[in-house]
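Dear colleague,

I am passing on the structure we spoke about, and I would be grateful if you could look through it before reading my notes.

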Amino acid sequence: MKESNQHDPETFVIERQHFDSLLAVLKQRGYRVVGPTVHDGALVYDELTSADDLPVGYTDEQAPGTYRLMKNGSKALFGFTLGAQAWKRFLHPPTAQLWEGKRNGDTFEIKEEKTKQAPYAFIGVRSCELHAIGILDKVFFNGNYVDSTYAARRRGVFIVAVNCTQAGGTCFCASMQTGPRATAGFDLALTEFVDPNRHFFVVEVGSKRGAEILRDLPHEPAGEGEKARVERSVAQTIAQMGRTMDTKNIKELLYKNYEHPRWNDVANRCLSCANCTMVCPTCFCTTVDDMTDLTGDHAERWRRWDSCFTMDFAYIHGGSIRATTRSRYRQWLVHKLATWIDQFGTTGCVGCGRCITWCPVGIDITEEVKAIRETKRSPTTSIEDTNNGDS
Amino acid sequence: MESIPDIETGEAKGIVEAMLPTLFGIKAVRNETHDTFTLDLEPVNGPAEFSFKAGQFNMLYVFGVGEVPISISGNPTDSSVLIHTIRSVGTVTKAIRRLKRGAFLGVRGPFGSHWPVDEAVGSDIVIVAGGIGLAPLRPALYHVLSQRERYGKVVLLYGTRSPDDILYRRELERWRSRFDLDIYITVDRAPSGWRGNVGVVTSLIPKAPFDPLNTTAMVCGPEVMMRFTVQELQKRGIRGEDIYVSMERNMKCAIGFCGHCQYGPMFICKDGPVFSYNRVKDFFVLREV
Amino acid sequence: METLEPILAEHPFLKGLEPHHVQLIVGCASNIRFDSGQFILREGEEANQFYIIRKGKVALEVFSPERGPIIIDTLVDGEVLGWSWLIPPYYWRFDARAVELTRAIALDGKCLRTKCEEDHHLAYELLKRFAAIMEQRLQATRLQLMDIYGVNP
């Protein structure tokens, strides 16, 4: 990062009234602008026609198993933290057609499905979400193969990040070192300030593309006071965070504790509902659906999101390898925090807290890890001793 | 952001291309047992040869029904025909069973790691197969026999449920008459009149003729059979790094993206299916992993 | 028998026994041979002997009315056949039939039983060895029982 000086060419200020032009300019350049908006009382990521579509004045209250979206009378555009959805739904779509096939008598032919679409511009990407996108990059560009559906969307995407000026109720990005401040991977990063007499954004430029777009908007270089406010705001957000994940030697910890009694404990609570995998910004598992029409002459192959919590996920001839909730929960958590590191070189968790908020029974992964770390494993505990009566 | 490998220049294969099956025609269908059969396949378009390494697998697609991972069981030194031995147990394999000569299948592959037939040169070879596990091991045996002089003793230990479940019977009988190959077969149960061994395949290990200090063992079969087989092999003195197993898990994409085939940190489709026992030993003994 | 003593003394089953115990056992031993297809022992009969197979193959069979005789195990060179002579009520639980010409050493179990009552050291040594054989057979049987090659319904 460049050293800051009196008038750092990388940091600017945009006033609220000029923010609307940002979306307009992006649209003009041919981007599909998507960002947070409120539909049916829920905060979702969807196409934005203008800044008015943003959740102005909305904020959220989150806790394990609890989410409330409410208006607080503020004029802030980004006064909330995270909804249930993650940006992965645009880069790694929930359903995607891979090819279609046609039968010709005994034989058949298969045609690749090629879709072209306009690049996305993401508005309001939090630092944890930036890291999640970086993590997915490592998953989908894995050496011999590239997920081209992901790659095509990823290459073109324009990212306007937003630094969090308040912590969400379940956030722990600070302890995962994924935020709250966006440091890389964005084109522009905004920090919003709403004062009684001034509503403005401090803008950091992260790329050439970002600089280009900024040139078309009315902006001023940021002053020292404004830059300092960003630092203070970030520090305040960190201080607000109510939980931490101790990641010290976490890989070894989980590898060594496949039979820890805590797994039985969480299995008693987990409903195997798969919410956590749906809301998690890094969960990437999919399944392949081969389908045909009634005549049997036309076939399609689709890819769609899947979850390791389903009984089908690990099914091989006659049974599921992970028939108990205990084993499926363990698979998810150990993958997210441990085996992911061996597979892709990073952790799989960004500390966004979604899995904690959206778990119907409020399972908190920071608590689960803490329990495994702290409880001495009884030498007499074995899997036979436990009877969690699940299926 | 990671720099994205270029699909256009062929630096990496794109997922859609890698998910497109290639058309193969069924040249022959042979019944092996009541529920297992062997297909001879040849490509319809493109190169007339299909090359693979012993231990690898393909994804076989039945139009409109689905896709399933099946080990290749042919001779890796003969690329003119693609051979698969398939057990009819689920929707897709039952649909494959209904196809006749002249019908077509989609094939993607070959995928996965292979048996260490080149690394094992100079050592004794012990192949322990259980049930359909002989199908992924047969290519390794073909490879070894094609360069027989480069290896020491070669022993095949094969266990099945009953005499009716023995695969490749004629071929085994032919191989039996070789002087440079020891074959021991056992079944879990047999009708009276069976003159062969009855007993579990692990019981063949203590007396099998190989030098444990210079042996490469390749094991394939149901996981429980592999677990006990590895124990017996180690009891004879073979080191964990010289024992290889072939693992199986649910697979959807075979290219490391769908996440289904994970086994601890390993993806069976790209890190396996063949593993050195040392690599998987910590997970081998865990349940529901 | 002089000819049998070196053979028996070398056999893994009797290895480690005190010389006078070996002598005792040799005294109860005799050579025997079974033609292909011949029954060695029948289910329900009194178990008064056990056998150490020198060369050949023996099938353990169980007869079931609907399914006929089923082979559940085969024993080959060097293996020990029969332990029911040691465990009350001393009768055979299965049939054993020679699959091919089989030469074995027959040991007088009835005689050894009496000797074991008198000499508990001998009894312990024999029971130790049979316990090991039983454990190995039980383990193998369990694997066979699991029908590991079968398809799950």
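Within chain C, confidence is lowest in helix α1 (residues 4-10), where the mean is 84, and highest in strand β8 (residues 102-108), where it reaches 95. Please keep in mind that this is a predicted model, so I give the confidence figures before anything else. Over chain C the pLDDT averages 89, with 97% of the residues scoring at least 70, and the model as a whole has an ipTM of 0.93 and a pTM of 0.89.

Chain C is in contact with chain B, and 20 residues from chain C and 23 residues from chain B take part. On the chain C side, the elements that supply two or more residues are β4 (58-64), β5 (68-75) and α4 (120-145), and of these β5(C) gives the most, with 7 residues. By class, that side of chain C holds 12 nonpolar, 4 polar and 4 charged residues. The strand β5(C) also pairs with strand β11 (residues 190-191) of chain B, in the antiparallel sense and over 2 bridges; within this pairing, Ala190(B) has Ile71(C) as its bridge partner.

Turning to chain A, the domain assignment gives domain 1 (11-240) and domain 2 (250-382), and the centres of these two domains, taken over C-alpha atoms, are separated by 26 Å. Their contact draws 37 residues from domain 1 of chain A and 34 residues from domain 2 of chain A. On the domain 1 side, two or more residues each come from β5 (66-71), β6 (95-104), α3 (127-140) and α5 (173-176) of chain A, with β6(A) giving the most, at 9 residues. The residues on that side of domain 1 divide into 19 nonpolar, 12 polar and 6 charged.

Finally, the nonpolar cores. The largest has 195 residues, and those touching the most other members are Phe122(A), Ile127(B), Leu157(B), Val219(B), Tyr244(B) and Val245(B); the element that gives the most to this core is α3(A), with 8 residues. If its neighbours within four places in sequence are left aside, Tyr244(B) is in contact with Trp115(B), Pro116(B), Ala217(B), Met218(B), Val219(B), Val274(B), Phe275(B), Ser276(B) and Tyr277(B). A second, separate core has 27 residues, including Ile52(C), Val58(C), Ala98(C) and Ile105(C).

With best wishes

Key: Residues numbered from 1 in each chain as written. Chains lettered and ligands numbered in written order. Predicted model: local features only at pLDDT ≥ 70, side-chain atom pairs only at ≥ 80, totals over all residues. Domains from an automatic or database assignment. Contact = placed C-beta atoms within 7 Å. Helix = DSSP H or I, 4+ residues; strand = E, 2+ residues; numbered from the N terminus. Nonpolar A, V, L, I, M, F, W, Y, C, P; charged D, E, K, R; others polar. Pairing = 2+ DSSP bridges. pLDDT = per-residue confidence, 0-100. Core = buried A, V, L, I, M, F, W, Y, C linked by C-beta atoms within 7 Å. Buried ≥ 20, exposed ≤ 12 C-beta atoms within 10 Å, placed from the backbone.
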